[in-house]
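Colleague: I have a model open and would like to learn how to read it. Could we go through it feature by feature?

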Amino acid sequence: MKSYEHDGVDLEDGKTRDKPTLRKIPNQALLSGLAYCVSSCSMILVNKFVLSSYNFNAGIFLMLYQNFVSVIIVMALSLMGLITTEPLTLRLIKVWFPVNVIFVGMLITSMFSLKYINVAMVTVLKNVTNVITAVGEMYLFNKHHDNKVWLALFLMIISAVSGGITDLSFNAVGYAWQIANCFLTASYSLTLRKTMDTAKQVTQSGNLNEFSMVLLNNTLSLPLGLILSFAFNEMDYLFNTPLLRLPSFWMVMTLSGLLGLAISFTSMWFLHQTGATTYSLVGSLNKIPLSIAGIVLFHVPTSLQNSASILFGLVAGVVFARAKMREKS
């Protein structure tokens, strides 16, 4: 589920960065960048390992457990006084709940698509989110983009279509979940900023930092995720699967939860050490080694045409990031 940046929002992991509060450490830009790249790539690869290699058929429960791990750690750090978080008041929950529903849908569809589609194609198909977001910005906020941005978006569409056509492991169910994920991720992006502005008005400090948003999003996702887990009949599977009796499986799932939280912290650290421009470009470039690792580690059958489509899509992502930088400047 990781990672590209849109107006300060890390959409693939669903975590939001707003005025990071970590103190800037001199000469730590490279270290923070490496930490962000490693945690981002590792999160997706570990999720793929759990869902495909273990053949775990409860993606909602996996999301639920990861978010539970994040809540426990953030609450512990807050109680120890290492971080500050806003109290989860009823007014704040009412404001945030609608966008949290989209957040949960975004995470769940990402889990389902990752189970059926290889990592490289998931990475390329996620570029479609940029297209939907750009169109949404144009119609909802009257925001216009220059020709270079639209060219990059067109290249993304071409790469996604050609990649799907040449995908030797094509799975219609996985592609359907990924298309749904693109629409939900774009919706999260388009609604989040306004929700954040409204939420700040009902907090005690008048602000909503990264840690508060992680706690808020993940806490609200727990009851909703539990309901959906029952609705998708995952509980029957969980009671019968032998995987939950394996300590090694719980270790891997816990690792995925820790990596999800690590992305929040390392992305905030990296963004504070460098800036949105560098963060966006590194996020696009980071998809290249992630795609290669996904193909190699999971022995994905591929062809020259499919590999070319994947590479074309990754390059289109970098072109889009550079075009957005020029547009903002």
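Colleague: What percentage of the residues of the chain count as buried?

Modeller: A residue is called buried when its relative accessible area is under 20%. In this predicted model, 54% of the 329 residues count as buried. The chain exposes about 14400 Å², and carbon and sulfur atoms supply 70% of that area.

Colleague: How many helices and strands does the chain have?

Modeller: There are 13 helices and three strands. For the links between parts of the chain, look at sequence separation. Among contacts with a separation of 6 or more, 87% are between residues 24 or more positions apart.

Colleague: How do the axes of α2 and α8 cross?

Modeller: For a pair of helices, read the distance, the angle and the handedness. The axes of α2 (residues 59-79) and α8 (residues 210-231) come within 8 Å and cross at roughly 145°. The crossing is left-handed. By class, this contact has 14 nonpolar, seven polar and no charged residues. On the α2 side the residues include I60, F61 and L64; among those they meet as a group in α8 are F211, V214 and L215.

Colleague: Is Y65 buried or exposed?

Modeller: Y65 lies in helix α2. Its relative accessibility is 16%, which is under the 20% cut-off, so Y65 counts as buried. Leaving out residues up to four places away in sequence, Y65 touches W250, M253 and T254. Y65 and G257 are 192 residues apart in sequence, yet their C-alpha atoms are 7.1 Å apart.

Colleague: And L168: where is its place?

Modeller: L168 is in the loop between α6 (147-166) and α7 (172-200). L168 counts as exposed because its relative accessibility is 53%, and the cut-off for exposed is over 50%.

Colleague: Which residues is L168 in contact with, leaving aside its neighbours within four places in sequence?

Modeller: They are P301, T302 and S303. For a spatial distance, take G105, which is 63 residues from L168 along the chain. The C-alpha atoms of L168 and G105 are separated by 28 Å.

How values were computed: Residues numbered from 1 in each chain as written. Predicted model: local features only at pLDDT ≥ 70, side-chain atom pairs only at ≥ 80, totals over all residues. Heavy atoms only, no water. Helix = DSSP H or I, 4+ residues; strand = E, 2+ residues; numbered from the N terminus. Buried < 20%, exposed > 50% of the residue type's maximum accessible area, 1.4 Å probe, protein only. Contact = heavy atoms within 4.5 Å. Axes fitted to C-alpha atoms, helices over the stretch in contact; angles between N-to-C directions. Left-handed = near helix turned anticlockwise from the far one by under 90°. Nonpolar A, V, L, I, M, F, W, Y, C, P; charged D, E, K, R; others polar. Areas by Shrake-Rupley, 256 points an atom, 1.4 Å probe, with all protein chains shown as cover.
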